[in-house]
Amino acid sequence: MGNKENWLPAMQASLRKGKTVINGGEHSVDNGAEKAQAPADRQQKPELAVPIRLADEMLGVFGFAGDEDVLWAEEEISAVEAVVEQVGLALEKQRLYEQTKRAAEELAVLNEMARELAAELSVDQIIAITYRYIRRLLRTSETYIALYDD
């Protein structure tokens, strides 16, 4: 979270490439041989970054810095990728829940407004009811209603 300038370089690369990055290189396995495992500069801590994705949408990135002598095993990287995939699904589930909750709240307000409007015959009351409910729906500080009068 926060400012991308404070992210590990591998995290920035992962976000840019949309792939798992180890020490600045894309993670790939070629006949069981891991690539880009050791940092080029042995003074640098090894970095692992895994994008949080949902379909084609990039939601964020997880970043890890290891001890100077760590070389992550393929199983460890795969496990982290599986966990991050679950995080992406959980974030999407939360987003859909919030979206559904907002839609249900809006529908409730509209139904309440419709009931009140159905019982009213006065133009002034209809405008007052509409004004009150529109402000609730749109969360506005100011609302204007103008009627055209022939």
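Visitor: Before we look at anything, what do buried, exposed and partly exposed mean here?
Guide: Buried means under 20% relative accessible area, exposed means over 50%, and partly exposed lies in between, with a 1.4 Å probe and protein chains only. This is a predicted model, in which local features need pLDDT of at least 70 and side-chain atom pairs count only at pLDDT 80 or more, while totals for chains, interfaces and linings use all residues. Residues are numbered from 1 along each chain as its sequence is written, and side-chain values use heavy atoms, with hydrogens and water left out.

Visitor: OK, how many salt bridges are there?
Guide: The count comes to three, where a salt bridge is a side-chain nitrogen of Lys or Arg within 4 Å of a carboxyl oxygen of Asp or Glu.

Visitor: Which residue does Arg 95 pair with?
Guide: Arg 95 meets Glu 92 in a salt bridge, at 2.6 Å from N to O, and both lie in helix 2 (residues 74-118), three residues apart, about one turn of the helix. Helices here are DSSP runs of H or I with at least four residues, numbered from the N terminus.

Visitor: Is that pair buried or exposed?
Guide: Arg 95 counts as partly exposed because its relative accessibility is 41%, whereas Glu 92 is buried, with a relative accessible area of 15%.

Visitor: Switching topic, what does Glu 116 pair with?
Guide: Glu 116 forms a salt bridge with Arg 132, and their closest N and O atoms are 2.6 Å apart. This pair links distant parts of the chain, since Glu 116 is in helix 2 and Arg 132 in helix 3, 16 residues apart.

Terms used:
Helices (H or I, at least four residues) and strands (E, at least two) are DSSP runs, numbered from the N terminus.
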